[in-house]
Amino acid sequence: MKIAASRDVVHSEATAAAVAASARWADEAGIKVNIAVVDAGGNLAAFLRMPGAFLHSIDIAIDKAYTAAGFGLPTAAWTQALATHSPAVREGIPMRPRMVCFGGGLPLKHDDQVIGGIGVSGGSELEDETCARAGLSAIGLDN
């Protein structure tokens with residue numbers, strides 16, 4: 001399967017496969033989630049809302065993917081990443097629009113380049129991140 005359409009753009013076939021695999025994992029786990037994939041520029045490339053998934057989780061999933069792509073860092077890593085900074089940074093970064101500092105967002109990296117991000121919302125942080133990892137695994141990426 002083609003993963004990257006060019007150096008910095010995730011291929012549409014890969015985004016669809018990642019979303020489908022994440023949805024399969026969520027279905028098997030008995031949870032209803034929203035799944036978003038964005039390209040390296042944070043533009044929405046694929047999205048799926050499972051029937052019954054929380055409406056507020058739509059934007060959360062998209063923002064998790066956006067945050068992961070923008071920084072090349074899993075969203076769950078922000079607690080530790082912010083720990084060494086001043087109180088102003090620790091309090092200010094999470095308040096930024098579209099910034100998510102809890103689990104469920106992972107960067108898509110191909111040949112050491114960030115080509116996008118995947119975000120899942122609707123389960124626990126662990127469930128969301130595991131679901132996102134299922135999407136990455138389906139397209140041959142490991143994060």
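Trainee: Where does G104 lie?

Mentor: G104 lies in the loop between α4 (87-92) and β5 (105-110). Helices (H or I, at least four residues) and strands (E, at least two) are DSSP runs, numbered from the N terminus. First, some ground rules. This is a predicted model, so local features need pLDDT of at least 70 and side-chain atom pairs count only at pLDDT 80 or more, while totals for chains, interfaces and linings use all residues. Residues are numbered from 1 along each chain as its sequence is written, and side-chain values use heavy atoms, leaving out hydrogens and water.

Now G104 itself. G104 is buried, at 0% relative accessible area. Buried means under 20%, exposed over 50%, and partly exposed in between, with a 1.4 Å probe and protein chains only. I93 sits 11 residues from G104 in sequence and 18 Å away in space, C-alpha to C-alpha. Set aside neighbours within four places in sequence. G104 is then in contact (heavy atoms within 4.5 Å) with K64, T75, I118, G119, V120, E125, D128, E129 and A132.

Follow two of those, I118 and A132. S22 lies in helix α1.

After α1 comes G30, with a positive phi near 80°. Buried residues of α1 include A14, V19 and A23. Their cover includes β2 (9-10), β3 (34-39), β4 (44-49), β6 (113-121) and α5 (125-138).

Take α5. Its axis comes within 7 Å of that of α1, and the two cross at roughly 135°. Axes are lines fitted to C-alpha atoms over the stretch in contact, with angles from 0 to 180 degrees between N-to-C directions. The two helices are therefore oblique: under 35 degrees is roughly parallel, over 145 roughly antiparallel, 65 to 115 roughly perpendicular, and the rest oblique.

Who makes the contact? From α1 come A17, A18, A21, S22, W25 and A26; from α5 come E127, T130, C131, A132, A134, G135 and A138. By class, that is nine nonpolar, three polar and one charged. Ala, Val, Leu, Ile, Met, Phe, Trp, Tyr, Cys and Pro count as nonpolar, Asp, Glu, Lys and Arg as charged, and the others, Gly among them, as polar.
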